[in-house]
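Dear colleague,

Please look at it first and then read on.

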Amino acid sequence: MTWTWFHRLGSPPYVYALAARLTPWFAWPAALLIAGGLWGGLVLAPPDYQQGDGFRIVYVHAPSAWMSLMVYMTMAIAAAIALIWRIKVGHAVAAACAPIGASFTFAALVTGALWGEPMWGTYWEWDPRLTSMLILLFLYLGYMGLRAGLEDTQRADRASALLAVAGSVNVPIIHYSVTWWNSLHQAPSVMRFGKPTMALSMLVPLLMMLAGFTLYFVALLLVRLRGEVLSRERAASWIPEVLKT
Amino acid sequence: MSSRVSSATGSVATRAAAEQGAASATVAAETAAALRAARLALLRDLQLAFRKRSQLVQPLAFFALVTMLFPLAVSPELSRLRAIAPGVLWVAALLASLLALEFLFRDDAHDGTLEQYALSGQSLTWLMFAKTAAHWLLTGVPLALMAPLAALSLGASPAALPGIVASVTVGSVTLSLIGSIGAALTLGIKRSGALLSLLTLPLSLPVLIFGARATELAMHGAPLAAPLELLAALAVLGVTLAPLAAAAAVRISLE
């Protein structure tokens, strides 16, 4: 087993070219899966017997919520790799992740609130999952705020990477303490979605949306990564050559 | 022949044992030196703090002030205040400890002490631990001693006070530790107050949840061991990991 592929990932021009080459391989499947999932979820799937057509927002809400956590983990892993092995591209990946993750978290919160109105009769319920999402949004905002506050890119990279790693240690603790907190203040659970015994015609579109959102995130990350690499290496000699073609 | 072999192995074994002994002796000496340095740093911080007493008093005054805002804003009825007292106490304590974080590293970063710490060759982790311990002694413990007064003014019964003191004492350990990471990361950023709160408050939420729960149980006269043990677990986790992270953050900030 040779590790050359791994070492080459440390080289900005190589990563820039690789990201450009890989982007369509993620973007097109993502577009197809999301289009198929939306068609299946919004048109083909039958209305829910309790929630009617209102449940269909799950096809945006659940994948967004899933992505918000996954992007955070991606960010923390990239940051840890960059911090431990001093790989600059890792910092670029982590920095590129944060705004995407914050957007997914925001989308999950907004769709959750919109869903809550018909289901709970209120836009905001202090439900443990929604509360965890809100805290996650603040973790993203803190990460981006720290990056914005530090002018020197290297210091911003390393400080924000440490914050991401510290946050990832804390995320499970926060999640469980919020769940614990909620179980004490047992709000009248108007609508508790039990373990989903979802009909297959509802589940398949959801899984397609999950896969589509994941691939969409990767495609978006690759595009943002190229931007990050360009702005970081703006003084390097390989950039004019790459941009000419 | 066999005796020679055995004596050779014996001598190798004794030499290995001697080397191991020497190695463990150096490790022990290094640890002793690190602990001595940490003790000196702790004493220095305490001494400096007692020379600038206003820094000690300000977070406490802030704590009392925030607690006073609630009767004025909500209602002077003790029955209503009693219902929100645990939350009020803990939010006020969280904000006061956040306010006090500013004093943790600022002066030392300004006059170069932190750089000297980093260059001293002593374990920066232990020094950070000492600084955080000093900070806890100077803000967490006074807050815990203030908390009964605030709790009484919000309608808590005297029987609840020991539980409240215990929960604030244990919880403020974690608050100081989490805060030390945030303060180290934001070193040198001008007007970092809002950013510091954005970094540390989300991470402090478990302390708030368990602390407020312990206070609530104490006020109802119920056993509060469960949330108190969870607070202690958080404190142990914080003591184990936070000084490492704070030391790394200080090194990053000094680069």
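In this predicted model, B:Ala249 touches A:Ala159, A:Leu162, B:Ile181, B:Ala184 and B:Leu185, leaving aside residues up to four places away in sequence. Both B:Ala249 and A:Leu162 are also the residues with the most contacts inside the largest nonpolar core, which has 142 residues. The largest share of this core, 16 residues, is supplied by helix α5 of chain B, which covers residues 124-153.

As for the two chains, 22 residues of chain A are in contact with 22 residues of chain B. On the side of chain A that touches chain B, α5 (128-149) and α6 (153-184) of chain A each supply at least two residues, and the largest share, 13 residues, comes from α6(A). Sorted by class, that side of chain A has 15 nonpolar, five polar and two charged residues.

Within chain B, the axes of helix α7 (residues 193-219) and helix α8 (residues 225-254) come within 8 Å and cross at roughly 150°. Because angles over 145 degrees count as roughly antiparallel, α7(B) is therefore roughly antiparallel to α8(B). The crossing in which α7(B) passes α8(B) is left-handed. Among the residues that make this contact are B:Pro206, B:Val207, B:Phe210 and B:Arg213 of α7(B), together with B:Pro227, B:Leu228 and B:Leu234 of α8(B). By class, the residues of the contact of α7(B) with α8(B) comprise ten nonpolar, one polar and one charged.

With best wishes

Definitions and conventions: Residues numbered from 1 in each chain as written. Chains lettered and ligands numbered in written order. Predicted model: local features only at pLDDT ≥ 70, side-chain atom pairs only at ≥ 80, totals over all residues. Contact = placed C-beta atoms within 7 Å. Helix = DSSP H or I, 4+ residues; strand = E, 2+ residues; numbered from the N terminus. Nonpolar A, V, L, I, M, F, W, Y, C, P; charged D, E, K, R; others polar. Axes fitted to C-alpha atoms, helices over the stretch in contact; angles between N-to-C directions. Parallel < 35°, antiparallel > 145°, perpendicular 65-115°, else oblique. Left-handed = near helix turned anticlockwise from the far one by under 90°. Core = buried A, V, L, I, M, F, W, Y, C linked by C-beta atoms within 7 Å. Buried ≥ 20, exposed ≤ 12 C-beta atoms within 10 Å, placed from the backbone.
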